[in-house]
Amino acid sequence: ICTLFGLGNISKMPGTLGSIVGVLVSVFLLYLFPIHIVYIIFIFLLLFSFYAIKKYQSKVGQNDRSEIIIDEVLGQILVITFIDLNFVEIFFAFILFRFFDILKIFPANIVDRKYSGHYGVVFDDIIAGLQSILVIYIFEFTYEKFY
């Protein structure tokens, strides 16, 4: 589950691959279910990922290993649920999430540094998702205000 059935092991850019999967899963879920059901699925996946990552880390070590990509999927799902489903917004949601996930801008950098366990692995990506949503909303507000 943590590596998406080994997908995290086959790429030189596993985080990007996990984010792509997250975009595809998000769009698929949003076309199938109403938003409140998608949020319930997200919460279930979030809670299950804590358990799965903890188990995985007990076998391979307590750090944020690159093959663990369920956290990227969760972060990307979070962002996609807050945007309109059109190509431009999905593209920017993907790019912004990867930007914040890679750079680990405050407070994600503190979470990433201080918490290497299962919570830290997931929460730095949740923070990157929230930062992406904030930038998208600021851009949309600014765009609407001036155009």
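Visitor: Is phenylalanine 92 buried, exposed or partly exposed?
Guide: Phenylalanine 92 counts as partly exposed, at 46% relative accessibility. Buried means under 20% relative accessible area and exposed over 50%, with partly exposed in between (1.4 Å probe, protein chains only). Please note that this is a predicted model: local features need pLDDT of at least 70, side-chain atom pairs count only at pLDDT 80 or more, and totals for chains, interfaces and linings use all residues. Residues are numbered from 1 along each chain as its sequence is written, and side-chain values use heavy atoms, with hydrogens and water left out.

Visitor: How many aromatic pairs are there?
Guide: A search of the whole structure gives nine. Rings of Phe, Tyr and Trp (its six-membered ring) pair if their centres lie within 6.5 Å; planes under 30 degrees apart count as stacked, over 60 as edge-to-face and the rest as tilted.

Visitor: What kind of pair do tyrosine 39 and phenylalanine 82 form?
Guide: Their pair is tilted, with 6.0 Å centre to centre and 50° between the planes.

Visitor: And where do these two sit in the chain?
Guide: Tyrosine 39 belongs to helix H2 (residues 35-60), while phenylalanine 82 lies in the loop between helix H3 (70-80) and helix H4 (87-103). The pair links distant parts of the chain, 43 residues apart. Helices (H or I, at least four residues) and strands (E, at least two) are DSSP runs, numbered from the N terminus.

Visitor: Why is the pair of phenylalanine 91 and phenylalanine 92 edge-to-face?
Guide: The ring centres of phenylalanine 91 and phenylalanine 92 are 5.7 Å apart and their planes are at 70°, so the pair is edge-to-face. Phenylalanine 91 is partly exposed, with a relative accessible area of 41%.

Visitor: Which residues do ring pairs link into a cluster?
Guide: Phe44, Phe48 and Tyr51 are linked in that way.

Visitor: Turning to the whole chain, how many helices and strands are there?
Guide: The protein chain has six helices and zero strands.

Visitor: What share of the residues is buried?
Guide: Of the 147 residues of the protein chain, 44% count as buried.

Visitor: And what box do the C-alpha atoms fill?
Guide: Taken along the principal axes, the box is roughly 55 × 35 × 25 Å.
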